Amino acid sequence: IEFDLKPEELESYLDDYVVKQNEAKAVLATKICTHYNRMKLDRDDESFKGGFVGNIKNNIMLIGPTGVGKTYLVKLIAERIGVPFVKGDATKFSETGYVGGDVEDLVRELVREADGNIEKAQYGIIYIDEIDKIASSRNTVGPDVSHTGVQRNLLKMMEETDVDLKSPNDLTSQMESMMQFQRSGKVERKKVNTRNILFIVSGAFGGLDEIIQRRLNRNRVGFRTEEDRVESESGTLSDLRSEDLIEFGFESEFIGRLPVVASLDPLTAEDLFAILKNPNCSVTVGKKRDFKAYGIDLSFEDDALLLMAERAAQELTGARSLVSVSERALLKFEKRLPSTDIRSLVVTRDLVEDPAGSLAHLLESHQVKDFVGRFEEAYEIVLDFEPAALALLVEQAKEEGITVDALSGRVFDDYGHGLKLLGHDRFTIKREAVESPKAFLDALVKNFYNKS
């Protein structure tokens, strides 16, 4: 493979897309760059060709709550370095493949991602999420085909083994092999070696922090002070040891194949706001693309993004909740605006707080757009309408069976000369003006002359 990235270069690339998680970014960038540069050394340097006995691969375990960026980090890295990448969930695998899938299916899928190029696939990345779900349970009686058995099958792949491209459970592959044998008298077996495939696993590991705290408390001798209690309760994943993962339900051999462990922190409202502010944020960029597909330009005010982040933080699902929060705020607009000639939308804090009310106000404001434009062109005065004034105009227009624009022109055309006389270059129409247009303008003129 062609690889010339250095750890700090890859880490800088991740910083452009991922907020926080400095430890995880540093660990991933360092160990992945080392992995691929070491393979290049094995290929190019005569003294290292063929590797060496006891070679330890830098397989990585990521630990952190849902929605903090575990999968996103690995996808970014695979895309940046240009190697085949496969993601699988540990929950769908069983020991023999007769329930769910076989762990070897991941390697076969890696070959498909490499367009059938076995050599390229042998330098790919396999990412397995929900790895904590295959931890064995102490209460299990009998063979545990969904947990311990899967761990043992992964053991071979994470170190080095040959995987047959044709699955024994795939009827189509077996029929093809039989037909090939009938034609040629032999069966060609293509295999993929996993020696250089990098394995990255991740999971939320709920309850692992309690195991760590128990161990820390168990190691204390003598009386515990209040300070000791607070310190023990603040024990985090930074205190993680292999024995904690073994107690969680993993076999020691399995943990031994994952020498590199990195933890990811939960995201606060400030972190989520920083994500939304990032120009590469998939949430805001995605919504802009959704509206642009209808020819509508979408933009976000900072106050709106802050409120979205605060609401997302309350849902406790990390960055994933940003998507649901943005959908709740903008779904009504995404449905209604394409049927209008509105071509821009600014997402404000008021819009996020009250999407339905903001949409109604926007549509009402749009109905007087032509009148406001004509008025400004004729008198060089910008008119604004209060929500209550607009609502009353809409109601009156419906009763008379005419457009709001036409009604506004009839009611407020006389305002041009009066406001010009009073020296206004911008004026807000209130509900009282809609209720009694002539009386409202007369009162303005009288007040002006009385003061002067």
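Mentor: What follows goes through the aromatic pairs, then the nonpolar cores.

This is a predicted model, so local features need pLDDT of at least 70, side-chain atom pairs count only at pLDDT 80 or more, and totals for chains, interfaces and linings use all residues. Residues are numbered from 1 along each chain as its sequence is written, and side-chain values use heavy atoms, with hydrogens and water left out.

A search of the whole structure gives 11 aromatic pairs. Rings of Phe, Tyr and Trp (its six-membered ring) pair if their centres lie within 6.5 Å; planes under 30 degrees apart are stacked, over 60 edge-to-face, the rest tilted. One of the pairs is Phe85 with Tyr127: stacked, 6.5 Å centre to centre, 20° between the planes. This pair links distant parts of the chain. Phe85 sits in strand β2 (residues 85–89) and Tyr127 in strand β3 (residues 125–129), 42 residues apart. Strands are DSSP runs of E, at least two residues; helices are runs of H or I, at least four; both are numbered from the N terminus.

Phe85 has 17% relative accessibility, so it counts as buried. Tyr127 is at 0% and is buried too. The terms: buried is under 20% relative accessible area, exposed over 50%, partly exposed in between (1.4 Å probe, protein chains only).

Phe248 and Phe250 are stacked because their ring centres are 6.1 Å apart and their planes at 15°. Both residues are buried.

Arg80 lies over the face of Tyr13, 5.8 Å from the ring centre. The criterion is NZ of Lys or CZ of Arg within 6 Å of the ring centre and within 35 degrees of the ring normal.

Now the cores. A nonpolar core is a set of buried Ala, Val, Leu, Ile, Met, Phe, Trp, Tyr and Cys residues joined through side-chain atoms within 4.5 Å. The largest has 63 residues. Among those with the most contacts inside it are Ile32, Tyr36, Ile81 and Leu337. Helix α2 (residues 22–44) gives the most to this core, eight residues. Ile32 touches Leu10, Ile60, Ile77, Ile81, Leu198 and Ile200, not counting residues up to four places away in sequence. Contact here means heavy atoms within 4.5 Å. Apart from this core lies another, of 38 residues, including Ala90, Val201, Ile212 and Ile255.
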